[in-house]
Amino acid sequence: MRSTLSTIAAVLTAGALTLTLAACGGSDAGSTTLRVGTLSDAPPSIYLENGRFTGYDNELLRDIAQREGFQVEFVGTEFSSLLAGVATGKFDIGSSTISSTEARKKTVSFSNGYNTGFTTIVTAKGANLKAPAAFAGKRLGVVQGSVQDEFAGKTAGAQVVRFPDYNAGFAQLKNGTLDGWVVPQDIGQKYLDQNPTVPLELGYTVEDKDTPSAFAVAKTNPDLLKKLNDGLAKAIADGSVARIYGQFYKTTPLAKELQQGGPGLPVKNVAA
């Protein structure tokens with residue numbers, strides 16, 4: 001009798017364990033929870049609101065995760081260490097408006113693009129920095145290591161001044177020691193909106209489709225990369241990308257490639 005009861009108990013325990021694992025994702029690969037490294041202070045793309053990570057990038061990733069049968073857990077981090085964290089497995093995915101540059105492709109793989117980068121120059125009103133030819137001899141501030149740093153560095157005759165963060169450069173722009181502050185357009189617009197009494201404006205603006213924003217994954221995880229691309233393609237096809245984008249970007253247009261039924265923005269990765 002004890003043997004029979006023990007057997008029944010074992011069966012019941014095993015059954016309960018199976019149900020528990022299925023519920024939490026332990027035995028069902030489709031409901032695995034993945035760690036996502038992201039930032040907390042770069043709206044409208046990625047930011048923290050009422051204790052919840054949100055923004056266009058993160059809400060789109062939630063949509064993709066639901067389509068592809070996995071869950072996401074967002075973890076705040078610094079951008080300077082994000083790609084290394086993805087490459088070493090600290091994070092499964094990087095979600096922080098990461099421009100898919102050739103240099104970064106040496107460290108991680110990127111999904112196809114979900115946004116194009118608009119680089120703009122914030123200037124004093126009337127500065128007339130509306131074309132690259134006007135930048136010669138001008139002091140242009142950038143965040144060190146950003147794609148804006150690279151952009152400004154290629155501009156003939158410009159004096160590039162590098163800062164560790166956006167706030168430091170913006171302070172210099174306000175006190176007149178910079179002629180222009182080269183930033184992503186959405187961040188530049190945010191500063192203008194938050195400082196309406198400061199006589200600033202957006203100058204030259206350019207869209208970069210060669211290095212679209214993309215989710216980063218480890219080169220050793222091609223299956224996850226495939227899921228991200230599959231979910232993104234479906235979200236473009238049914239208009240979800242356009243819908244989510246519209247919730248966060250009120251003035252910047254969505255690239256036509258990402259509008260409903262569009263072809264998308266393919267990213268070609270390099271070999272590990």
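1. **Basis.** The model is predicted: local features need pLDDT of at least 70, side-chain atom pairs count only at pLDDT 80 or more, and totals for chains, interfaces and linings use all residues. Residues are numbered from 1 along each chain as its sequence is written, and side-chain values use heavy atoms, with hydrogens and water left out.

2. **Overall make-up.** The protein has eight helices and twelve strands. Helices (H or I, at least four residues) and strands (E, at least two) are DSSP runs, numbered from the N terminus. Of its 272 residues, 45% count as buried. Buried means under 20% relative accessible area, exposed means over 50%, and partly exposed lies in between (1.4 Å probe, protein chains only). The accessible surface comes to about 13600 Å², and 53% of that belongs to carbon and sulfur atoms. These areas come from the Shrake-Rupley method with a 1.4 Å probe; for residues, only the protein chains shown count as cover.

3. **Contact range.** A contact means heavy atoms within 4.5 Å. Take the contacts in the protein with a separation of 6 or more: residues 24 or more positions apart account for 66% of them.

4. **Main core.** The largest nonpolar core has 30 residues. Such a core is a set of buried Ala, Val, Leu, Ile, Met, Phe, Trp, Tyr and Cys residues joined through side-chain atoms within 4.5 Å. Tyr56, Leu60, Ile93, Phe215, Leu228 and Val241 have the most contacts inside it. At least two residues of this core come from each of strand E1 (33-38), helix H2 (56-68), strand E12, helix H7 (222-237) and helix H8 (240-248). H7 gives the most, with six residues.

5. Val241 touches Tyr56, Leu60, Leu232, Ala235, Ile236, Leu254 and Leu258, not counting residues up to four places away in sequence.

6. **H2 against H7.** Two packed helices are described by the angle between their axes and the distance between the axes. The axes of H2 and H7 come within 9 Å and cross at roughly 105°. H2 is therefore roughly perpendicular to H7. Axes here are lines fitted to C-alpha atoms, for helices over the stretch in contact, and angles run from 0 to 180 degrees between N-to-C directions. Under 35 degrees counts as roughly parallel, over 145 as roughly antiparallel, 65 to 115 as roughly perpendicular and the rest as oblique. On the H2 side, Leu60, Leu61, Asp63, Ile64, Arg67 and Glu68 take part. They meet Lys227, Leu228, Asp230, Gly231, Leu232, Lys234 and Ala235 of H7.

7. **H5.** Helix H5 spans residues 166-174, and its buried residues are Gly169, Phe170 and Leu173. They sit on the same side of H5, because they cover an arc of only 100° around the axis. The arc is that of the directions from the helix axis to the C-beta atoms. Their cover includes strands E8 (115-124), E10 (159-163), E11 (180-184) and E12 (200-217), along with helix H6 (185-194). After H5 comes Gly176, with a positive phi near 90°.

8. Most residues other than glycine have a negative phi. Thr97 has a positive phi, near 45°. Thr97 lies in strand E6 and is partly exposed at 28% relative accessibility. Asn128 also has a positive phi, of about 60°. Asn128 is in the loop between E8 and strand E9 (139-143), and is exposed, at 52%.

9. **Thr107 and Ser109.** Thr107 is in the loop between strand E6 (93-99) and E7. Thr107 is partly exposed, at 36%. Beyond four places in sequence, Thr107 is in contact with Leu83, Ala87 and Lys219. Ser109 belongs to strand E7 (residues 109-110) and is buried, at 8%. Ser109 touches Phe215, Ala216, Val217, Lys219, Leu225 and Asn269, leaving aside residues up to four places away.

10. **Gly85.** Is Gly85 buried or exposed? Gly85 is buried, with a relative accessible area of 6%. Gly85 is found in helix H3 (residues 79-87). Not counting residues up to four places away in sequence, Gly85 touches Lys90 and Phe91.
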